[in-house]
Amino acid sequence: MFLKSKKVEPDLHAELPDEYLLEVRGLSVNIKIEEDTLNAVRGVSFALRKGETLGLVGESGCGKSVTSKEIVGINPKNCASSGKVLFRTKGGKVLNLLTLEKDGTTYRALRGTEIAMIFQEPMTAFSPLYTIGSQLAEIILIHEPQTTKEQARQRVLEMLKKVGIANPQKRIDQYPHEFSGGMLQRALIAMMLCCNPTLLIADEPTTALDVTIQAQILELMKSLQNEFGMSILFITHDLGTVASMCDRVAVMYLGQIVETGSVRQIFHSAQHPYTRGLLRSLPKMNQSRDERLYAIKGVVPVPVALKPSCGFHERCERCVTSRCGKVEIPLTEVEPGHFVRCVLAGGNEVSE
C-alpha cells in the first residue's frame, strides 16, 4: 500500500507567532539564464525561534545560499521570487521581506542593525584600500548617524576585543592583508555584530579555515549568541559542525527541504535516504585505514524544467520507481517535529 500523509508541513498560519523571529513560507526563487530558467529554490518553508540556531544543510548547488541571500535581499536582478519571508523587527513589527524594495530605505535600515550575514570568504569581504577599523566603524556611522567618529572607534575596539583579536589598539589601524584568515573571520563577525542584530545568517563561515580555527570560531559564535540573544541561521555542508552548533536541522536537496527536525532526530533517526547518505559519508573514529568513505552516487541535477517527482530518486538506492520519479512527494510528519519528504518515511514499505 502507498504511504498516506499523516500531517504535511507547514500548517501556514496568518501571522507570525510570538516565539518566532523569522518564518519562510513557500519560498521559490527562479534564476533566468540565457534561454533557460533555473528553479534554484522550490517551495522552501522553515521557521526560526528567538535565540535558536537552525542548521541549513546540503551539497553545493542545492539552494542554501540563494535562500539566505533572498532573506537579506541581495540576490541579483535575474532572480524572481515568490512566497513569504516574515521577519519580526526589534520594535515588534512583522514585515514580509519579499514585498520590500531591495534597495529601499526600509531594507537598507534592516541590513546590519537587525539582519546580518557572514559570507563564505573572509579574504574577499573587506576592501584592501581601507583599514579594518574604518570599515567596521562605517557600519556604525551609517546606521547610527548621531554617533561620532570617536564613539564609533571605541565601539569597534570593544568588538575586536570581544571576538578575541589580540592587541586591538594596534589591529584597528591595520589593513586586511595584515590579518590572517582566522583573524579576518573574527573581524567579519565583529563587523556583523557592531549594531547588535537579532538575526545572524552564517553562510559557510568556517570553510576556508583549518580545523583548530574552525572550532574557535564556532565557540565564539555560540558565546556571542548567548551574550546578544541572537537567532542564527547556520548554513553548511559539514554535519560535524551542525551537531555541535545547532538546535534544529533542515536538510536541503535540489531546492527543497527533504527532512527537518531536532539535531537528535536527524542524527539518531534520519528517515530520508539523502540524509542517511550524508551521515554515512562522515568519517568514523574506528574506521579502518583501508576502508573507503561512503559516497552518494551521482551529482545534484541541474534544476531546469523539473518534473513533479522526488528530486533525489535518480541517486536513491531505495527508489520506488512507480512513485518517486512520477509524483511530487510532500513533507510528512513521522514523529512530533520531525518531517520527511519520502514515500518510505516512518518505516513504511511501498509496493511497486
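The legends below describe close-up views of a predicted model. Local features require pLDDT of at least 70 and side-chain atom pairs pLDDT 80 or more, whereas totals for chains, interfaces and linings use all residues. Residues are numbered from 1 along each chain as its sequence is written, and side-chain values use heavy atoms, with hydrogens and water left out.

**View A. Helix H1 and the residue that follows.** Helix H1 spans residues 64-72 and has 7 of its 9 residues buried, so it is largely enclosed by the rest of the structure. Buried denotes under 20% relative accessible area (exposed is over 50%, partly exposed in between; 1.4 Å probe, protein chains only). Helices (H or I, at least four residues) and strands (E, at least two) are DSSP runs numbered from the N terminus. Among the buried residues of H1 are Lys-64, Glu-70 and Val-72. Just after H1, Gly-73 adopts a positive phi of about 80°.

**View B. An aromatic cluster of Tyr-253, Tyr-274 and Phe-312.** Rings of Phe, Tyr and Trp (its six-membered ring) pair if their centres lie within 6.5 Å; planes under 30 degrees apart are stacked, over 60 edge-to-face and the rest tilted. The whole structure contains 3 aromatic pairs. Tyr-253 and Tyr-274 form a tilted pair, because their planes lie at 55°, with ring centres 4.7 Å apart. Tyr-253 and Phe-312 are edge-to-face, with centres 5.2 Å apart and planes at 85°. This second pair joins strand S9 to the loop between H10 and strand S11, 59 residues apart. Tyr-253 is buried at 1% relative accessible area, and Phe-312 is buried at 4%.

**View C. Arginine charges over aromatic rings.** A charge sits over a ring if NZ of Lys or CZ of Arg is within 6 Å of the ring centre and within 35 degrees of the ring normal. The charged end of Arg-111 lies over the ring of Tyr-107, 4.5 Å from its centre. That of Arg-171 lies over the ring of Phe-179, 5.7 Å from its centre.
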